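Colleague: I am new to this structure. Please take me through one part of it closely: the place where the chains meet, and then what surrounds it.

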Amino acid sequence: MSHLSMPMRAAVQRLALPLLVIVSAGLIVLGKADILLIERARTGLNDALAPVFEAIAQPLNAAASAVRRFQDHFTVYDENQRLREENARLLQWQGVAQRLETENQELRQMLHFTPQGVRGYITGRVIANSGGAFLRNVLIDVGERQGVERGQAALGAEGVAGRVTEVGARASRVLLLTDLNSRVPVVLEDTRERAVLAGDNTNRPRLLYLPEKSAVRVGDHVVTAGSGGIFPPGLPVGSVSSIDGGMVRVEPDAELSRLEYVRIVDFGLSASVLPQSVIPAPKPSRAGRRTAEPDIDARP
Amino acid sequence: MKLVLFQRDVGLINRLMPALTTALCVIVSVIPAHLPAFTAVTPAFALMAIYHWTLYRPDLLPFVAVFAAGLLLDMLTAAPLGVSSLVLLFACALVLSQREHLLMRRFTVVWIGFLVVTAASAALQWAVVSLFYGILLDVRAFLFQCVLTVATYPVVSYLLVRVQRNVLMRV
C-alpha cells in the first residue's frame, strides 16, 4: 500500500473497519449453518499447527513438571504412605476382578453371549485447549493416521472426558463434557434411571430428562448409557454433586481442567448403525499407539 | 545493492513485528498450561497485544491484521467463526477513540484503560455468544477471564515494550 498517498491510505483504513465488522458479523451468521467448509479449514489449520503447538508446549511441560517435582519433595513421605495403602487396596480389587472375570466368561459361555468388545485404545496428548470463557474443548495429537474417528469417546485418567468432534490427519478435537454443546446419554448406576448429561459451561454439567419421581441422591454414580450409539455402555462419567430443585449436577470423574492425556476408545460403534452384513471385521492392530488392552500410557 | 535489499527485508520483518507478536499471543492463549493451579480459563493474550499495538503503533497493526488474529483464534478454539474478530475489532476501535487520553501517561492509567477495554470486550463477547446460542450464558466465566486478563497484562505489556524498544525504534 506504500504507493498510496497518505489521505488515500487513511480513507482505506477508515473504510476497512466497518467493512471488516460486517464481514465478521456475516461469518457469525454463516457459522450458524455449520458449514462443512469451515470445519475443513479448521481441521486443516489444526493439522498444520500441531507441530508448532508441540514445539511451544515442550518447554512449558518441562517447567510444569519441574514445579511439580519441587512440590513433590515436600509431600513424598505422605504420598508414599498413601500409595502403599492404595496398593494394598488395589491388590484386593485385583483378586476380585480376576475372580469376576472368570465367572463372567463362564456365564457368557453358558449364554452364548457375544460381547461388544472394545477394539482398542488410542492414546493422545493434549496439545491445545480452548481456554476461552465459553468453550470447553481440547486438541489432541492423534488423528486419522492413528485411527481416530469422529464420534469416538475420549477418556481421561478417571472417566469419560468427552467426544471426538473433528478429526484431522494428525490432530483431533475433543468436545469436553462441560461444553455447552455436549450431550451424553447416561444412566444412574444404582437405580438404572436414564438421563442426558448436558454441559452448560460450568464445571459441573447438568442431568436432563430424569424421570419425574427420580430417586437420585447426592453421590450417586453416573455411567454412560450406551444408547444413541456413540459411547460404549458403562464407562464411568461422574457422580451427582448437588440436587437443587429440578437441577441435578454431576461432578465429572475426569479432571477436565487439567487433562494431559486422553484415551480414545475404539469401540467400533460407528459401524453399529449399519446392518450386520456391512460391519467390517475388526482391523488388525496398526502400529503406533493402538493397544489391545487399556494402557496407562502407550507412548514410548 | 545487496545491502539495501537486506536492510529493506529487515525493515519489513520489523514492520511485521506487531502482527507477528499478536499471532504469537493467539497461539499462546491455546497452549495448555499444565500448571497445578491453572484452570480451564486462560487470559485473553490476543487482546493484550492488540491493545498495546493499537495504543503505541496503530500504523503497524492494520484492521485487517486484527481481523485475521480473531479468525485464527476462532479457528483454533472452534468458536463460532467471526466472534473474536468482531470483539477484537471493537476493542481496537475503542482504543483508537480514547488514544489521546491514554498515550504518554503513567502505566497505571494505561492499565485502567486496559481494564475498561477488557470489560467492554467481554460484555460484547458475552452478548454475541449468548445471541448465537440463544441462551443466556453464565457470566462468571467471562468475569473470571477478565480478572485473569487484567492481572496478567503488566507482564505481557513489559515483554511487548521490550520488543517495541529493541526492534521498532528504527521503523
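Predicted model: local features only at pLDDT ≥ 70, side-chain atom pairs only at ≥ 80, totals over all residues.

Modeller: Start with the word contact, which here means heavy atoms within 4.5 Å. By that rule, the contact takes 45 residues from chain B and 50 residues from chain A. Residues are numbered from 1 along each chain as its sequence is written, chains are lettered from A and ligands numbered from 1 in the order in which they are written, and side-chain values use heavy atoms, with hydrogens and water left out.

Now the area. Buried area is the accessible area (1.4 Å probe) that two parts lose on being put together, summed over both. Between chain B and chain A it is about 4100 Å². Carbon and sulfur atoms give 72% of that.

Charge pairing across the interface can be checked too. A salt bridge is a side-chain nitrogen of Lys or Arg within 4 Å of a carboxyl oxygen of Asp or Glu. Between chain B and chain A the rule finds 0 of them. Polar contacts are another matter. Such a contact is a pair of N or O atoms within 3.5 Å; within protein, one must be able to donate a hydrogen and the other to accept it, and residues adjacent in sequence count only if both atoms are side-chain atoms. Across this interface, 6 residue pairs are in polar contact, both at pLDDT 80 or more.

Which elements of chain B supply at least two residues each to the side that touches chain A? They are α1 (2–30), α3 (63–77), α4 (83–97), α6 (107–133) and α7 (139–167). The largest share, 9 residues, comes from α3(B).

Step back to chain B itself. It has 7 helices and 0 strands. Helices (H or I, at least four residues) and strands (E, at least two) are DSSP runs, numbered from the N terminus. Of the 171 residues of chain B, 49% count as buried. Buried means under 20% relative accessible area, exposed over 50%, partly exposed in between (1.4 Å probe, protein chains only). Residues 24 or more positions apart account for 74% of the contacts in chain B with a separation of 6 or more.

Salt bridges do occur elsewhere. Asp138(B) is partly exposed, at 27% relative accessible area. Arg140(B) is exposed, at 57%.

Chain A has its own. Arg150(A) pairs with Glu39(A), the closest N and O atoms being 3.0 Å apart. Arg150(A) sits in the loop between β2 (137–140) and β3 (153–155), Glu39(A) in helix α2, so this pair links parts of chain A that are 111 residues apart. Glu251(A) and Arg204(A) meet at 2.7 Å, N to O. Glu251(A) lies in strand β11 (residues 247–252) and Arg204(A) in the loop between β7 (194–198) and β8 (206–208), so the pair ties together parts that are 47 residues apart in sequence. Glu251(A) is partly exposed, at 33% relative accessibility. Arg204(A) is partly exposed too, at 37%.
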